[in-house]
Amino acid sequence: MMCPKTKAEGRKRAVQRLTFVLCRSAFGPGFTVPELLLTFAILFILAAITMSGFSRFRASAALDQSVEEAIGLLREARSRSLGSRGAPAWGVHFDTNSLTLYPAAYVAGAAANQAVDLPGVIEITAIQLATTTGNVLFERLSGETSATGTVSFTASSGRTKSIRILPSGLSRVE
C-alpha cells in the first residue's frame, strides 16, 4: 500500500475505504441488473401459468354450477306441472345466455317468468330438442314432455357438458 503524499489525498483514500466498507456491509455483494431481470421474468411466467390454471378452474366450476341450475329448473318445472301449482303446465326456455322457468306458454319478459342468467364464461351452444323453440314444457299430472333431446353448455375453457331430457320428463347430465 502506498502512503498518501498529502493530507487531502489521505482523507480522500480514507473516505473511499469507509464508503466501500459501509456499502458492502449494508447491501452485501448485491445483484446485477441481468440477474434481477431474470428473476422478475421467472416470477412473471410462474404467475401467468398460475392465473391461467385458476381461470380454467373458475370456468369449470361455473359450468358445473350452470348445468346443475338447469337440472334444478327442469325438476322444478316438472314438479310444478305434476302438482298443477298455479298453471296447468310449467316449462323451461333455453336461450344462449339464460334459462327461464315459465307457466303455461313462454312469453319473453312475462311477470310470472323466473329468468336465470348464465355466467359470462358459460354459453348454451347447442339446443337439440324435438321442438324447435328451445322450450321444454311438461304435461300436467304426468310430467312427461315431447321436447326430448339434449342441451349443451360450453365454458370459455372449451369444456362442454350436456343435459339429456327424456320423454318421461326426467333429465340427466351427460
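Q: Is tyrosine 102 buried or exposed?
A: Tyrosine 102 is buried, at a relative accessible area of 1%. Buried means under 20% relative accessible area, exposed over 50%, and partly exposed in between, with a 1.4 Å probe and protein chains only. Tyrosine 106, at 28% relative accessibility, is partly exposed. The model is predicted: local features need pLDDT of at least 70 and side-chain atom pairs count only at pLDDT 80 or more, while totals for chains, interfaces and linings use all residues. Residues are numbered from 1 along each chain as its sequence is written, and side-chain values use heavy atoms, with hydrogens and water left out.

Q: How many aromatic pairs does a search of the whole structure find?
A: A pair of aromatic rings is described by the distance of the centres and the angle of the planes. Rings of Phe, Tyr and Trp (its six-membered ring) pair if their centres lie within 6.5 Å; planes under 30 degrees apart count as stacked, over 60 as edge-to-face and the rest as tilted. The search finds 1 aromatic pair. In it, the ring centres of tyrosine 102 and tyrosine 106 are 5.5 Å apart and the planes lie at 70°, so the pair is edge-to-face.

Q: Which residues does asparagine 113 touch?
A: Contact means heavy atoms within 4.5 Å. Leaving aside residues up to four places away in sequence, asparagine 113 touches Thr100, Leu101, Tyr102, Pro103, Tyr106, Val107 and Ala108. Asparagine 113 sits in the loop between β2 and β3 (114-117), and at 14% relative accessibility it counts as buried.

Q: Which way do the residues of β2 point?
A: In a regular strand the side chains alternate between the two faces of the sheet. From β2, Ser98, Thr100 and Tyr102 point one way, and Leu99, Leu101 and Pro103 the other. The strand is mostly covered, with 6 of its 6 residues buried. Helices (H or I, at least four residues) and strands (E, at least two) are DSSP runs, numbered from the N terminus.

Q: How many bridges join β1 and β2?
A: Two strands pair if DSSP finds at least two bridges between them. β1 and β2 pair in the antiparallel sense over 5 bridges, and they form a hairpin with 3 residues between them. Across this pairing, tryptophan 90 stands opposite proline 103 and glycine 91 opposite tyrosine 102. β1 is also joined by 3 bridges to strand β5 (residues 135-137), again antiparallel; there the bridge partner of glycine 91 is leucine 137. β2, in turn, pairs antiparallel with β3 over 4 bridges, and threonine 100 has alanine 115 as its bridge partner in β3.

Q: What is the strand order in the open sheet of 4 strands?
A: The order is β4-β6-β7-β8, with antiparallel pairing. β4 (122-129) and β8 (171-173) stand at the edges with a single partner strand each, so one side of each is left without a neighbour in the sheet. The twist averages 20° from one strand to the next; axes are lines fitted to C-alpha atoms, for helices over the stretch in contact, and angles run from 0 to 180 degrees between N-to-C directions. β4 and strand β6 (residues 149-155) run antiparallel and are joined by 7 bridges, with isoleucine 122 opposite alanine 155.

Q: Which helix lies across these strands?
A: Helix α2 (residues 33-83) lies across β4, β6, β7 (160-165) and β8, running at about 10° to β7.

Q: How many residues are in the largest nonpolar core?
A: In soluble globular proteins, nonpolar side chains tend to be buried together. A nonpolar core is a set of buried Ala, Val, Leu, Ile, Met, Phe, Trp, Tyr and Cys residues joined through side-chain atoms within 4.5 Å. The largest has 28 residues, and those with the most contacts inside it are Leu74, Phe94, Leu99, Val136, Phe153, Ile163 and Ile165. α2, β1 (90-94), β2 (98-103), β4, β6 and β7 each supply at least two residues, and α2 gives the most, with 9.
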